[in-house]
Amino acid sequence: VQNIDGTVSAENNWWGCNSGPGAGGAGCSGTANGTIGTVDASPWLTLRTTATPSSILTGGTSSISSNLNFNSDNVDTSGLGSVPNGTPASFAATLGTVSPTSGTTAAGVTGTTFTAGIAAGSGNAATTIDGQTVNAPITIAFSCNNISIPTGQTVGTNTQFLVPINIDDTTARGILGYSFTLSY
């Protein structure tokens, strides 16, 4: 935005990054995404991405929502309008996959679905709009697919005994051994 005379109000606009107009970083640097002259551009819109739920089991899914309706003062601006519908977004994942891998905004919002892979740990779903990438952290825990204890096991008090346990699908989980405690 270039202002030759007076003051221009450019509040609650998207400048291509979360740092604001003319700030350093991908999508924000330079006069192409900045202001010249007297321009009030604060607060500006920011990109947010959330995962619901944010903790899932291996193979589980999480809904990813990304939106450009909150400004740098943490105020919901959706009642004032939004970025143009059809603003392109791309999605990526760590420790899983996303589908779809790209989309567009509608009323400032877009989203995808994250599916956890077979590894547990700290994953994330990333959304990129213009030069800004924002991650939604997702904690992934191992799922226990099939544990069975045969019926008919009987024991006396303070007696040790073996209980056969069959565990399926441990491929690529990095499991070296198992330890179980049985209480009754």
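A nonpolar core is a set of buried Ala, Val, Leu, Ile, Met, Phe, Trp, Tyr and Cys residues joined through side-chain atoms within 4.5 Å, where buried means under 20% relative accessible area, exposed means over 50%, and partly exposed lies in between (1.4 Å probe, protein chains only). The model discussed here is predicted, and for that reason local features need pLDDT of at least 70 and side-chain atom pairs count only at pLDDT 80 or more, while totals for chains, interfaces and linings use all residues. Residues are numbered from 1 along each chain as its sequence is written, and side-chain values use heavy atoms, with hydrogens and water left out.

With that definition in hand, we can turn to the largest nonpolar core, which has 19 residues, and in which W14, F114 and I138 touch the most other members. Two or more residues of this core come from each of the strands β3, β5, β6 (88-94), β9, β10 (121-129) and β11 (132-141), and β11 gives the largest share, four residues. A second, separate core of five residues includes A10, W15, A41 and W44. Over the chain as a whole, buried residues make up 29% of the 184 residues.

The strands named above belong to a chain with zero helices and eleven strands; both kinds of element are DSSP runs, helices being H or I with at least four residues and strands E with at least two, numbered from the N terminus. Four of the strands form an open sheet in the order β3-β5-β9-β7, with antiparallel pairing, and two strands are said to pair if DSSP finds at least two bridges between them. Because β3 (45-52) and β7 (96-99) stand at the edges, each with a single partner strand, one side of each is left without a neighbour in the sheet. Inside this order, β5 (residues 61-71) and β9 (residues 109-116) pair in the antiparallel sense over seven bridges, and T61 stands opposite T115 in β9.

Strand β9 also holds T110, which is buried, with a relative accessible area of 8%. Leaving aside its neighbours within four places in sequence, T110 is in contact (heavy atoms within 4.5 Å) with I64, S65, S66, A89, F91, G103, T104 and T105. For one of these residues, T104, the backbone oxygen lies 3.2 Å from a polar atom of the side chain of T110.

What does strand β11 pair with in the parallel sense? The partner is β4 (residues 55-57), joined to β11 over three bridges, and the bridge partner of S55 in β11 is T139. With β10, by contrast, β11 pairs in the antiparallel sense over nine bridges, and here the bridge partner of N124 in β11 is P137. These two strands, β10 and β11, form a hairpin with two residues between them, and D130 in the turn has a positive phi of about 55°.

In a regular strand the side chains alternate between the two faces of the sheet. The covered face of β11 consists of Q132, V134, A136, I138 and I140, whereas T133, N135, P137, T139 and A141 make up the uncovered one. On the covered face stands I138, whose contacts, apart from neighbours within four places in sequence, are A51, S54, I56, S62, I64, F114, G121, S122, G123, N124 and A125.

Technical notes: Polar contact = N/O pair within 3.5 Å; in protein donor to acceptor, adjacent residues only side chain to side chain.
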